[in-house]
Amino acid sequence: MASIEMKNIVKQYGDGFPAVNDVSLDIADGEFMILVGPSGCGKSTLLRMIVGLEDITSGDMVIGGKKVNDLAPRDRNLSMVFQNYALYPHMTVFENIAFPLRLAKMPDDEVRRRVTEASDVLELKDHLERKPANLSGGQRQRVAMGRAIVRQAEAFLFDEPLSNLDAKLRGQMRTEISRLQRRLGITTVYVTHDQTEAMTLGDRVCVLRKGKIQQVASPRELYEQPVNLFVAGFIGSPPMNFLPATPEGNRLKTPFGDIELDEKRAAAVAGHDLLLVGIRPEYFEDASLVDEAKRPVGSIFRARVDVTEWLGDSQFAYIPYEAPESIQKQLRDLSRELDAEELRTQAIVSIDATSRIREGREAEFWLDSRKVHVFDPESGENLTRDAEAGAELTRMATQDREEQLEQVRESSVGAA
Ligand SMILES: Nc1ncnc2c1ncn2[C@@H]1O[C@H](COP(=O)(O)OP(=O)(O)OP(=O)(O)O)[C@@H](O)[C@H]1O
Ligand SMILES: [Mg+2]
């Protein structure tokens, strides 16, 4: 197992277009790192440079403390798991797992020992004599991982391994990969454009846009303290609402009335003209359901509800609002880039399932103004980001991971 360090990595393909543009990223030994971003942002290119399937134009790729820029893929001892797992249909599960060891002409008893050990961990013991065609999708995935385990690879690399599966199986596989990675403590880099996978699997997530890193942080930090409009819009489902806002003293004028800002935020947005305020759906509530004690920390406004969607455990209400053409254009461009549904000038509000708010009627809403973020529409920068609070969230996640790894290592030492 090894750490992976990337220093100022650039990849220019033939036409000079920088598919990866000055990426510096440190992945710790045993860490689960996600590379996420819209189509064409350079995720696969970056992964292929780690494995050695793609030349690096400039910068250093360091694996386990060793510079590997010029090493062939087979000399890097990494294991890439592709979308279609590439199992051999005519071989048994045992032989599929043993394949890299057979290639390396490893003695039979050592092959047997390693495959048995791996199939134990992977719960494939009872299926070793079967052919891949007679396995479930999840079991096939485990066979592919078994092949990586017996090789004692330094790291696992995944490129959208679940994108061909239906939603239900994808959910199961996600849990499985997560469980296995924890159990094995193997450094893992996982490419996806699915933000649910990004949020649930990774210790940290690296968000890429047009070949450049936007933010590297734990899922919580990305969600609560995004650096810019792009990250804020990409992470979260339904997405964050962006409304036009004009600062006035320590208040923000928005289509939903005034939002009060604390001093620090007010100072951060002072001097700006037209801004965008970012409000996640769950920062809203039906005002009639909010505790008296909580009401004063938020803002109350009235609005007409266009549509409601009752989901059992919560409900969404859609509230249209007016925005200047320049803001509307900005939101259209952003949603196009994010490959998202068009961010329309209507807010999606998540309220309690018991709320009696009705379609076509006016209602009173409460908004937790402590949580809103304010963005510069030109640069996209989050002007109200609390970098310290964000770093603390990632620090906690990293500490949790290290403790888990410690346990894994202790128990495997005990077993050996
Ligand atoms: N062999 C190639 N020659 C020229 N350009 C390439 C080549 N491979 C990829 N690119 C370009 O590099 C950029 C990054 O491609 P890459 O495959 O890394 O994107 P990605 O983030 O994996 O996207 P997706 O989510 O669609 O898989 C794209 O603009 C793509 O067109
Ligand atoms: Mg790709």
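How much area is buried between domain 1 and domain 2, and what share of it do carbon and sulfur atoms give? The buried area is about 720 Å², and carbon and sulfur atoms give 30% of it. Buried area is the accessible area (1.4 Å probe) that two parts lose on being put together, summed over both.

This is a predicted model: local features need pLDDT of at least 70, side-chain atom pairs count only at pLDDT 80 or more, and totals for chains, interfaces and linings use all residues. Residues are numbered from 1 along each chain as its sequence is written, chains are lettered from A and ligands numbered from 1 in the order in which they are written, and side-chain values use heavy atoms, leaving out hydrogens and water.

Start with the domains. Domain 1 covers 4–224 and domain 2 covers 237–385. These bounds come from an automatic or database domain assignment. The two centres, taken over C-alpha atoms, are 38 Å apart. Across the boundary, 10 residues of domain 1 are in contact with seven residues of domain 2. Contact means heavy atoms within 4.5 Å.

Now look at the helices. Helices (H or I, at least four residues) and strands (E, at least two) are DSSP runs, numbered from the N terminus. Helix α2 (residues 93–103) packs on α3 at an angle of about 130°, and their axes are 10 Å apart. Axes are lines fitted to C-alpha atoms, for helices over the stretch in contact, and angles run from 0 to 180 degrees between N-to-C directions. α2 and α3 are therefore oblique to each other. Angles under 35 degrees count as roughly parallel, over 145 as roughly antiparallel, 65 to 115 as roughly perpendicular and the rest as oblique. In α2, Phe 94, Ile 97, Ala 98, Leu 101 and Arg 102 meet Asp 108, Val 111, Arg 112, Arg 114 and Val 115 of α3.

Helix α3 (residues 108–121) also packs on helix α4 (residues 137–150). Their angle is about 130°, with the axes 9 Å apart. This pair is therefore oblique too. Here Arg 114, Val 115 and Ala 118 of α3 meet Gly 146, Ile 149 and Val 150 of α4.

Two backbone details remain. The peptide bond from Ser 237 to Pro 238 is cis, with omega near -5°. Pro 238 lies in the loop between α8 (229–234) and β11 (241–248). Asn 8 sits in strand β1 (residues 4–12). Its phi is near 45°, a positive value in a residue other than glycine.
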